[in-house]
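Good morning, and thank you for the time.

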Amino acid sequence: MSAPTAAEPMGKRQTLEALSGLLLVLFVAMLSGTVVSTALPKIIGALNGSQTQYTWVVTATLLTATATTPIWGKLADLFNKKILIQAAIVVFLAGSVAAGFAQNAGQLIGARAFQGIGVGGLQALVQVAIAAMIPPRERGRYNGYLGGVMALATVGGPLLGGLIVDTSWLGWRWCFFVGVPVAVVALVLLQATLRLPTVRRDNVKIDYLGASLIAAGVSLLLIWISFVDSSFAWISWQSGTMVGGSLLLLALAAWVESRAAEPVVPLDIVRERTTALAILGSLAVGMAMFGGAVFLGQYFQIGRGYSPTEAGLLTIPMMAGVLLSSIVVGRLITKTGRIKPYIVAGSIILVAGFALLGTIDHETSLVLLGVAMFVVGTGVGMTMQNLVLAVQNTVSLKDIGAASSSVAFFRSLGGTIGVSVLGAVLARRVTDRITHDLAAAGIPTNGGGGSSSLNLSALPAPVEHIVRAAYGDATGHIFLISAAIAVVGILAALLLKPVTLRSSLDLPDSARSAAVAADAVDGAPAFDQVPVDAGANRDPSRR
């Protein structure tokens with residue numbers, strides 16, 4: 001297939017047909033996390049797990065997804081994108097089935113880690129496939145569809161998870177099995193509708209050493225974050241060894257990437273101003289969003305005593321904010337071609353929402369909670385996808401996989417760090433509060449509050465009340481930390497260059513070069529088939 005064809009946007013009908021399969025894939029990936037969000041307290045309780053294991057069930061998926069995202073993205077620049085998406089779905093399915101058959105919390109964490117490899121592929125490759133079909137300016141409109149899928153998965157997932165664990169003849173294992181038929185349908189749809197050109201490249205080299213060093217460095221850092229202050233002190237030989245080892249591995253990874261023929265994370269792309277700032281903003285948004293929102297289900301169930309189904313219903317305001325803001329802002333971006341004002345506004349709104357959530361305790365009005373969650377959702381809908389879009393607008397089509405996955409990598413890394421750090425903070429505050437309140441009530445303690453079981457039904461009524469109050473009051477503190485982290489996103493957004501999104505699928509210079517190369521190979525005039533932007537649509541940052 002000639003290069004000019006690769007640079008031409010698909011027709012609207014073809015785009016919508018292919019988009020249906022891609023959105024279903026995205027729905028499956030998001031559902032895997034949201035369907036267990038409200039069910040997780042019961043799942044961990046049934047498996048007699050601890051607060052640390054509760055955090056790691058979420059962190060394990062984020063960890064492997066983070067480590068593998070840049071690898072999937074780089075593979076998308078080298079091989080057939082459609083086959084890679086289908087392979088990621090198969091890996092995701094295998095992890096889902098293994099999680100459903102887990103017999104203890106350790107097995108569940110391992111299965112979720114394997115599942116995360118598939119999630120890493122899906123979160124990178126769906127963005128890459130969409131970028132290969134739709135020009136940046138038109139992509140703003142389609143971000144509304146992405147927002148709709150996000151809202152449906154995030155609202156429907158907790159509700160579905162709550163219904164599953166509240167239905168005796170199903171049980172919590174179906175939280176993992178339920179995605180299997182949806183993924184199979186997605187495979188069939190993609191096979192029938194997705195038509196992406198494969199640009200074959202000679203002498204393809206995959207930077208396995210760089211990928212391994214990145215994965216090892218990130219993993220060691222996150223393991224340290226999870227265990228510091230509980231298993232060992234901040235200043236200790238364990239901390240020094242793990243932090244020093246992580247920094248050494250990441251420094252070696254940067255050195256390898258700077259010399260690799262096909263780096264997993266291309267440093268020349270990452271160093272560009274727009275990409276660097278979008279990565280910084282995504283890191284902050286990921287830490288705040290994943291790190292804070294993952295504990296809402298725990299807050300409603302353990303801190304407030306609601307059932308999993310009720311907890312799912314109570315999160316609807318956040319997803320309504322995501323849905324409405326992504327649709328409205330996406331259409332405004334397509335109409336105006338401008339993106340920076342909406343990212344700046346969304347970053348400010350996100351901080352305001354987390355600041356509101358930082359005021360909650362175990363008796364906060366549900367109306368205030370609903371308003372705060374709606375504000376957070378609005379900020380997420382205005383920033384998350386648009387930061388990726390800002391980067392995609394600055395790179396050529398041949399580098400779209402590496403660029404998109406780099407942003408997704410750092411967003412996922414931020415989310416993983418956020419969940420680990422905030423989970424550790426929450427566990428420590430809950431332990432201290434429970435120990436203090438039990439002593440005040442004259443109830444003996446064993447000093448192991450931080451690792452105590454989350455199976456509250458097994459606790460005496462007075463102890464259960466103390467535990468619920470401790471969780472409810474401690475959750476507000478981690479949202480304040482999320483707000484402080486999200487401020488970094490505002491600074492990054494303010495420093496972005498104001499650009500007009502291009503209307504061509506590829507950068508004008510890249511498309512022109514591809515056409516000339518194809519003309520030389522095919523022996524047929526193809527130059528005039530390539531859409532070339534007017535000067536106003538060129539990215540000023542690349543002039």
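Let me begin with a definition: a salt bridge here is a side-chain nitrogen of Lys or Arg within 4 Å of a carboxyl oxygen of Asp or Glu. Two remarks on conventions follow. This is a predicted model, in which local features need pLDDT of at least 70 and side-chain atom pairs count only at pLDDT 80 or more, while totals for chains, interfaces and linings use all residues. Residues are numbered from 1 along each chain as its sequence is written, and side-chain values use heavy atoms, with hydrogens and water left out.

Under that definition, the structure holds three salt bridges. In one of them, the side chains of Asp473 and Arg433 meet at 2.8 Å, N to O. This pair links distant parts of the chain, since Asp473 belongs to helix α20 and Arg433 to helix α19, 40 residues apart.

Arg433 is partly exposed because its relative accessibility is 31%. Asp437, at 17%, is buried.

The remaining salt bridge joins Arg428 and Asp432, at 3.5 Å from N to O. These two are four residues apart in helix α19 (residues 400-440), so about one helical turn separates them. Arg428 has a relative accessible area of 38% and is therefore partly exposed; Asp432, at 43%, is partly exposed as well.

I turn to the aromatic rings. Rings of Phe, Tyr and Trp (its six-membered ring) pair if their centres lie within 6.5 Å; planes under 30 degrees apart count as stacked, over 60 as edge-to-face and the rest as tilted. By this rule the count comes to six aromatic pairs. For Tyr299 and Phe300, the ring centres are 5.3 Å apart and the planes stand at 65°, so this pair is edge-to-face. Tyr299 is buried, with 1% relative accessible area, and Phe300 is buried at 0%.

Phe354 and Phe479, by contrast, form a stacked pair, with 6.1 Å from centre to centre and 25° between the planes. Which parts of the chain does this pair tie together? Phe354 lies in helix α17 (residues 340-357) and Phe479 in helix α20 (residues 461-495), so the parts are 125 residues apart in sequence. Both Phe354 and Phe479 are buried. Elsewhere, ring pairs link Phe101, Trp174 and Phe177 into a cluster.

Next, the interior. A nonpolar core is a set of buried Ala, Val, Leu, Ile, Met, Phe, Trp, Tyr and Cys residues joined through side-chain atoms within 4.5 Å. The largest such core has 135 residues, and those with the most contacts inside it are Leu22, Ile43, Ile85, Ile89 and Leu357. Helix α6 (residues 105-133) contributes the most to this core, with 13 residues. A second, separate core of 14 residues includes Ile302, Leu426, Ile466 and Ala470.

Contact means heavy atoms within 4.5 Å. Beyond its neighbours within four places in sequence, Leu22 is in contact with Ile85, Val126, Ala129, Ile130, Met133, Leu190 and Leu194.

For the whole protein, the secondary structure comes to 21 helices and zero strands, and 57% of its 543 residues count as buried. Among contacts between residues at least 6 apart in sequence, 85% join residues at least 24 apart.

One further residue pair spans the sequence. The C-alpha atoms of Leu283 and Leu413 are separated by 6.9 Å, although the two residues are 130 apart along the chain. Leu283 lies in helix α13 (residues 273-293) and is partly exposed, with a relative accessible area of 23%.

Thank you; I welcome your questions.

Definitions and conventions:
Buried means under 20% relative accessible area, exposed over 50%, partly exposed in between (1.4 Å probe, protein chains only).
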